[in-house]
There are 2 protein chains.
Amino acid sequence: MATSDMNQQPTDKAVHETWNLIGARKVEGTSVYNGNGDHLGSIYDVMIDKRGGKVAYAVMSFGGFLGIGEKYHPLPWNLLTYDEGLGGYVVGLTEDQLRAAPAYTETELGNFGMVGDYETRVRDYYGTRLGATRTPGSIGTH
Amino acid sequence: MATSDMNQQPTDKAVHETWNLIGARKVEGTSVYNGNGDHLGSIYDVMIDKRGGKVAYAVMSFGGFLGIGEKYHPLPWNLLTYDEGLGGYVVGLTEDQLRAAPAYTETELGNFGMVGDYETRVRDYYGTRLGATRTPGSIGTH
């Protein structure tokens, strides 16, 4: 290993991946599309359950899509399916479903800890509207 | 919501957290210490199991610690315990254990997909040396 490389950070995010694993750094920034292939936004963060170590939500930023301004949508991780052709995640949500889905502004996002109904709202919304019996798909599969 | 905020990204990583959840963006960059409180490095990435959506490893960068140059150590997520006092994660590893643990250079990290024995090496090492029966702790708890 060359000493000149010692303090360099890897810059190619595309590489932090194996057949089974994907780096959160690669997930962040990945585009999100709806079922019609329309670009909705991109993934901003990945929320991990502290105790169990399981990914609970991907927080997507929707930059002004649908005229609602920049909003952050926590989406259940198993709602995301990677589409090789699009090079991004597809969520099977209609405009109406997205519009009604729990979303937070930048300020609200900064108060997640104080938004008491955050997890309940997200779980209830997707559990009820999109089928609590939905089988988790090949989530995040690249 | 002010229109001037529309394209702003939240900059305070500290806030993306609830009692139960923590954002990968907050985990990234968090300091890692050994049991004596010595600073070892920081978390570079979080590797997620694509199918199950479970965090498998936290990749830590150890900048020249122990004289081994910049190395990236995939550590099982459940080895990390958050220490309020230190403001970072503690891993109960001795110098010898760390020295012998699977680690990758920047170049090798870029070839995770081609490092066939990557997951096997990490699992075997920590499973065997540090106890396969170890109870997962309060991982990542802030």
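**A strand and its neighbours**

Author: Gladly! Of the 142 residues in chain A, 50% are buried, where buried means under 20% relative accessible area, exposed over 50% and partly exposed in between, with a 1.4 Å probe and protein chains only. This is a predicted model, in which local features need pLDDT of at least 70 and side-chain atom pairs count only at pLDDT 80 or more, while totals for chains, interfaces and linings use all residues. Residues are numbered from 1 along each chain as its sequence is written, chains are lettered from A and ligands numbered from 1 in the order in which they are written, and side-chain values use heavy atoms, leaving out hydrogens and water.

Let us get our bearings. Chain A contains 4 helices and 7 strands; these are DSSP runs numbered from the N terminus, with helices being H or I of at least four residues and strands E of at least two. Read from the N terminus, the order in chain A is β-α-β-β-β-β-β-β-α-α-α. Among contacts in chain A with a separation of 6 or more, 48% join residues 24 or more positions apart, a contact being heavy atoms within 4.5 Å.

Now for the part itself: strand β2 of chain A, residues 31–34. In a regular strand, side chains alternate between the two faces of the sheet. In β2(A), S31(A) and Y33(A) point one way, V32(A) and N34(A) point the other way, and all are buried.

Two strands pair if DSSP finds at least two bridges between them. β2(A) pairs with β3(A), residues 39–49, in the antiparallel sense over 3 bridges, and V32(A) has G41(A) as its bridge partner there. The hairpin of β2(A) and β3(A) has 4 residues between the strands, and G37(A) in this hairpin takes a positive phi near 85°.

β2(A) also runs parallel to β7(A), residues 88–91, joined to this strand by 3 bridges. Here V32(A) stands opposite Y89(A), and Y33(A) has V90(A) as its bridge partner.

Across the pairing, Y82(A) stands opposite Y89(A).

A pair of aromatic rings is described by the distance of the centres and the angle of the planes. Rings of Phe, Tyr and Trp (its six-membered ring) pair if their centres lie within 6.5 Å; planes under 30 degrees apart count as stacked, over 60 as edge-to-face and the rest as tilted. By this rule there are 8 aromatic pairs over all chains. The ring centres of Y82(A) and Y89(A) are 5.4 Å apart and their planes stand at 80°, so this pair is edge-to-face. Y89(A) is buried, with 0% relative accessible area, and Y82(A), at 18% relative accessibility, counts as buried too. Together with W77(A), Y82(A) and Y89(A) form one aromatic cluster.
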